[in-house]
Amino acid sequence: MTRYIVGVDFGGTKMRAGAVSFDEPDRVLWSGFAPTIRGDPEQGVLALEKLVLEVLGKGGDGAVTADLLAAVGVGAPGPFDDRKQEFVAFANLPAWTGFPLGARLSADLKVPVALGNDANVAALGEQRAGAGKGMRDVIFVTLGTGVGGAVIINGRLHAGATGKVGEFGHVQIDPQGHLCGCGKKGCVETFSSGPAIAREYGASTPEVFERAAAGETKAVEVLRRAGEALGIGLAAAVLAVDPEAIIAGGGLASGNPETFRIYLEAAQTSLWERIKIPGYNPVPFIKGALGDDAGILGAAYLAREKALAVSPTRT
């Protein structure tokens, strides 16, 4: 009998969950969402468990019941200790810091639960089932309110010693630049994020994209400069990893495709100017293919791996 995994994108304001087949976890079969309970993790985890079961119950005209749940995966924002399998902190959810999310979900739902940083699980989703399918070495960058990302080496997430791989937004490229939220000046995030683009132009980020799509010179130049800064910030990472591609996701990537291409092409050109060496080919910058499903599928893949490690014969 088919068993299922539920992957969860656990955000600061909304939780989105999707069910996938255990045997073919490359697409979301059905999904649902609920608001995140920010200030009370005890009530919040109950809401999350309810969402998981509600999503599961949408399958097969209600024939997919809780006993067919094989595992749950959760991707959430904030620093994640891969070795301890716990969040060091929850970005924008301070009340959840220290709450044993994985252990609680596993005890209540009676299935293996895998946790991961949201950028990491989105990267895994794109590498396994999206724009990076078939690739072994990938850099994933999230572009939105901030700039973050993840690294996949030889087909597996590379978390690093303390789980902080992928903090591309906090590479300093101009010590005299704008103050970043991390406390330094001139980080990539202060040039390449959505708020940085809005500040540079003097209008909201969607407006900048709209005006660039209409061919307005100032808007196009603002996007190009933002992309150029991203390319500078990623140069060292690309030389260290030697990826097959850089995949871009996040809120900026969901904007007008033609306009976003201006940003990506500027990033690729800027990057290539800094890493050009004999025998080294330009690294393609490509847009992610999965959108909001990237996090759900990545979390589901993590959960599947954990379920197989716990019980290799159980499917």
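This is a predicted model: local features need pLDDT of at least 70, side-chain atom pairs count only at pLDDT 80 or more; totals for chains, interfaces and linings use all residues.
Spanning residues 245-249, β11 is mostly covered, with five of its five residues buried.

What surrounds this strand? Strands of a sheet pair through backbone hydrogen bonds, in either a parallel or an antiparallel way. Here, β11 belongs to an open sheet of five strands, ordered β10-β9-β8-β11-β12, in which the pairing is mixed. The edges of the sheet are formed by β10 (156-157) and β12 (285-287), each of which pairs on one side only. On one side of β11, three bridges link the strand to β12 in the parallel sense, and I247 has I286 as its bridge partner in β12. Strand β8 is also parallel to β11, joined to it by five bridges, and T142 stands opposite G249 of β11.

Two helices pack on this sheet. Helix α7 (residues 217-241) touches β8, β9, β11 and β12, and its direction makes about 155° with that of β8. Helix α3 (residues 118-129) touches β8 (138-143), β9 (147-153), β10 and β11, with its direction at about 50° to that of β9.

A further detail concerns R3, found in the segment before β1 (4-10). R3 is buried but has no salt bridge, and the nearest side chain of opposite charge, D67, is 6.3 Å away. A polar atom of the R3 side chain does, however, lie 3.1 Å from the backbone oxygen of L69.

How values were computed
Residues are numbered from 1 along each chain as its sequence is written. Side-chain values use heavy atoms; hydrogens and water are left out. Two strands pair if DSSP finds at least two bridges between them. Helices (H or I, at least four residues) and strands (E, at least two) are DSSP runs, numbered from the N terminus. Contact means heavy atoms within 4.5 Å. Axes are lines fitted to C-alpha atoms, for helices over the stretch in contact, and angles run from 0 to 180 degrees between N-to-C directions. Buried means under 20% relative accessible area, exposed over 50%, partly exposed in between (1.4 Å probe, protein chains only). Lys and Arg count as positive and Asp and Glu as negative; His and the chain ends are not counted. A salt bridge is a side-chain nitrogen of Lys or Arg within 4 Å of a carboxyl oxygen of Asp or Glu. A polar contact is a pair of N or O atoms within 3.5 Å; within protein, one must be able to donate a hydrogen and the other to accept it, and residues adjacent in sequence count only if both atoms are side-chain atoms.
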